[in-house]
Amino acid sequence: MGRVIPLLPRRRVEAEMLLRVYRVLCPQVGPDRALAVVAAAVEGAAEAAGREFARQAPGGPSLEHFATVLDRWREGDALDVREVRLEEGVLAFTVTRCRYADLYRSMGLSVPLARTLSCGRDAAFARGYHAGLTLERRGTIVEGAAACRFRFVWEG
């Protein structure tokens with residue numbers, strides 16, 4: 001059985017490679033198209049990860065099982081998560097500190113690229129987990145907000 005790499009170091013390695021790809025693509029297709037290509041790759045990987053997480057759900061996907069992904073996302077003190085609520089088809093929580101955002105800033109990534117590599121995963125992961133699970137969120141720490149307020153809605 002393979003060893004599971006904690007997400008924060010894994011995201012650093014992925015970001016280093018995707019930044020190289022982005023920089024190669026920019027002169028060839030322009031920064032907007034290069035960012036779209038990176039976004040497609042990141043979202044595809046996130047959807048696949050969501051599908052894999054759903055396969056691990058005892059009794060099939062559910063919002064209760066989905067909520068357990070917070071443990072993985074917080075590994076290594078990667079996120080400070082507050083105000084977790086799971087009720088009536090909604091999982092809501094607030095992220096008050098994001099070491100993923102800190103990591104991308106330390107690497108000198110632009111806000112659009114950092115948002116693509118980090119925040120862009122969340123809705124795609126939910127979509128991969130279950131077609132009836134959607135994410136509502138306005139503003140993120142990566143974009144300069146004081147907190148990320150997540151609201152996953154289950155319409156199963």
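Q: How many bridges join strand 3 to strand 4, and which way do the two run?
A: Strand 3, residues 133–136, is joined to strand 4 by four bridges, and the two run antiparallel. Please note that this is a predicted model.

Q: Which residue is the bridge partner of L135?
A: L135 has F152 in strand 4 as its bridge partner.

Q: And strand 2 with strand 4: how many bridges there, parallel or antiparallel?
A: Six bridges join strand 2 to strand 4, and their arrangement is antiparallel. Within strand 4, R151 stands opposite A92.

Q: Changing topic to R11. Where is it placed?
A: R11 lies in helix 1, which covers residues 7–29.

Q: Buried or exposed?
A: R11 is buried, since its relative accessible area is 13% and the cut-off for buried is under 20%.

Q: Which residues does R11 touch, leaving out those up to four places away in sequence?
A: With those left out, R11 touches Y100, L103, Y104 and R121.

Q: Which other residues of helix 1 are buried?
A: Besides R11, the buried residues of helix 1 are L7, L8, A15, L18, L19, Y22, L25 and C26.

Q: What covers them?
A: The cover over the buried residues of helix 1 includes helix 2 (31–55), helix 4 (69–74), helix 5 (99–106), helix 6 (111–117) and helix 7 (120–129).

Q: What about the residue just after helix 1?
A: That residue is G30, and it takes a positive phi of about 90°.

Q: Which helix gives the most?
A: Helix 2 gives the most to the lining of the largest pocket, supplying five residues.

Q: How does the lining divide into nonpolar, polar and charged?
A: The lining of the largest pocket has 19 nonpolar residues, three polar ones and eight charged ones.

Terms used
Residues numbered from 1 in each chain as written. Predicted model: local features only at pLDDT ≥ 70, side-chain atom pairs only at ≥ 80, totals over all residues. Heavy atoms only, no water. Buried < 20%, exposed > 50% of the residue type's maximum accessible area, 1.4 Å probe, protein only. Contact = heavy atoms within 4.5 Å. Nonpolar A, V, L, I, M, F, W, Y, C, P; charged D, E, K, R; others polar. Pairing = 2+ DSSP bridges.
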